[in-house]
Amino acid sequence: MADNSQKMSYHAGEGKGQAEEKASNMMDKASNAAQSAKESMQQTGQQVKEKAQGAAETVKNATGMNN
């Protein structure tokens, strides 16, 4: 039968494993959030670019530079 120090050692190892798993899950969530933010910023940048191009075309058409 295991003595108290073996039981304590076992439980400490168990706790360490659980803490490592939680840390790993938190890192995964942070990574996913960062990737999502990156994709969102890329979409926003593309939309701004398209609007600016549309505005430039409008100006060209209005001033007759787009013949």
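Modeller: A residue counts as buried under 20% relative accessible area, as exposed over 50%, and as partly exposed in between, with a 1.4 Å probe and protein chains only as cover. This is a predicted model, in which local features need pLDDT of at least 70, side-chain atom pairs count only at pLDDT 80 or more, and totals for chains, interfaces and linings use all residues. Residues are numbered from 1 along each chain as its sequence is written, and side-chain values use heavy atoms, with hydrogens and water left out.

Colleague: What percentage of the 67 residues of the protein chain count as buried?

Modeller: By that rule, 0% of the 67 residues are buried.

Colleague: How many helices and strands are there in the protein chain?

Modeller: Helices (H or I, at least four residues) and strands (E, at least two) are DSSP runs, numbered from the N terminus. The protein chain has one helix and zero strands. Helix H1 covers residues 4-63.

Colleague: What radius of gyration does the protein chain have?

Modeller: The radius of gyration is taken over C-alpha atoms, and the globule rule is 2.2 Å times the number of residues to the power 0.38. The protein chain has 29 Å, whereas a compact globule of 67 residues would have a value near 11 Å. Along the principal axes, the C-alpha atoms fill a box of roughly 95 × 10 × 10 Å. Gly15 lies in helix H1 and is partly exposed, at 33% relative accessibility.

Colleague: How many salt bridges does the count come to?

Modeller: Side chains of opposite charge can pair when their charged atoms come close. A salt bridge is a side-chain nitrogen of Lys or Arg within 4 Å of a carboxyl oxygen of Asp or Glu. The count here is two salt bridges.

Colleague: Which residue forms a salt bridge with Glu20, and how far apart are the closest N and O atoms?

Modeller: The partner of Glu20 is Lys16, with the closest N and O atoms 3.0 Å apart. Glu20 and Lys16 are four residues apart in helix H1, so about one helical turn separates them. Glu20 is partly exposed at 46%, while Lys16 is exposed at 53%.

Colleague: Which residue pairs with Lys60 in a salt bridge?

Modeller: Lys60 pairs with Glu57, and their closest N and O atoms are 3.9 Å apart. Both residues lie in helix H1, three residues apart, about one turn of the helix. Lys60 has a relative accessible area of 34% and Glu57 one of 35%, and each is partly exposed.
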